[in-house]
Amino acid sequence: MAAAVYLLNGPNLNLLGAREPEIYGATALADIEAAAQKTAKELGFALEFRQSNHEGVLVDWVQEADAKAEGLIINPGGYTHTSVALLDALSAASLPKIELHLSNIHAREAFRQRSLTAAAADGIIMGLGAPGYRLALKALKSLMETRAA
Ligand code: CA2
């Protein structure tokens, strides 16, 4: 049976492709999801791909992922830099977790260079644009295999 995996996207990622392509690329989130679903199928994952602009909804989904899934990838968007609630939810979740960013947050404004949520991640992928989503799924597969061994 396919392993359930959640890929959560935080605030404003629904705007991808339409604005600021010089920072985040020209690929829309729907296209990123289509590519991610294709990769997930190849890897034997049943992928739950979601986006919300609301912190509490993301917290609920992290808890849901921990109850129902075998792995989690999250691009927390702007909440990366502010959300203790999301950090707490991720810390409480025992499943393998990867934090993902389109941009290299360390090469950006000072306020983006600190990730509150990263402390709860097993690994971080950043700065590789939309292809980073595919790489994150592959990395999650490897993480899940290592945990299972
Ligand atoms: O690089 C990333 O993936 C980020 O998580 C993206 C967030 C940003 O707040 C983080 O610092 C880094 C922003 C999400 C997308 O925001 C857009 C805003 C306007 C147009 C398109 C996207």
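This is a predicted model: local features need pLDDT of at least 70, side-chain atom pairs count only at pLDDT 80 or more; totals for chains, interfaces and linings use all residues.
1. By class, the shell holds five nonpolar, seven polar and three charged residues. In total, 15 residues surround the ligand. The closest of them are Asn 75, His 81, Leu 102, Ser 103 and Arg 112.

2. Asn 75 is another, with an N or O atom in its side chain 2.8 Å from a ligand oxygen. Gly 78 takes part through its backbone, where a polar atom is 3.4 Å from an oxygen atom of the ligand.

3. How much of the ligand's accessible area does the protein cover? On its own the ligand has 510 Å² of accessible area, and the protein covers 93% of that. As for where the ligand sits, it is in the largest pocket.

4. Now the fold. The chain has five helices and five strands. Going along the sequence, you read them off as β-α-α-β-α-β-α-β-β-α. The radius of gyration of the chain is 14 Å, close to the 15 Å that the globule rule gives for 149 residues, so the chain is as compact as a globular protein of that length.

5. One backbone detail to check by eye is Asn 12. This residue is not a glycine, yet it has a positive phi of about 75°. For context, most residues other than glycine have a negative phi. Where in the chain does Asn 12 lie? You'll find Asn 12 in the loop between strand 1 (3-9) and helix 1 (21-24).

Key. Residues are numbered from 1 along each chain as its sequence is written. Side-chain values use heavy atoms; hydrogens and water are left out. A residue is near a molecule or strand if one of its heavy atoms lies within 4 Å of it. A polar contact is a pair of N or O atoms within 3.5 Å; within protein, one must be able to donate a hydrogen and the other to accept it, and residues adjacent in sequence count only if both atoms are side-chain atoms. Accessible areas come from the Shrake-Rupley method with a 1.4 Å probe; for residues, only the protein chains shown count as cover. On a 1 Å grid over the protein atoms alone, a cavity is a set of points where a 1.4 Å probe fits but cannot get out, and a pocket is an open set with protein on both sides within 12 Å along at least five of seven lines; lining residues have an atom within 4 Å of a point. A molecule sits in a cavity or pocket if more than half of its atoms lie within 2 Å of its grid points. Ala, Val, Leu, Ile, Met, Phe, Trp, Tyr, Cys and Pro count as nonpolar, Asp, Glu, Lys and Arg as charged, and the others, Gly among them, as polar. Helices (H or I, at least four residues) and strands (E, at least two) are DSSP runs, numbered from the N terminus. The radius of gyration is taken over C-alpha atoms; the globule rule is 2.2 Å times the number of residues to the power 0.38.
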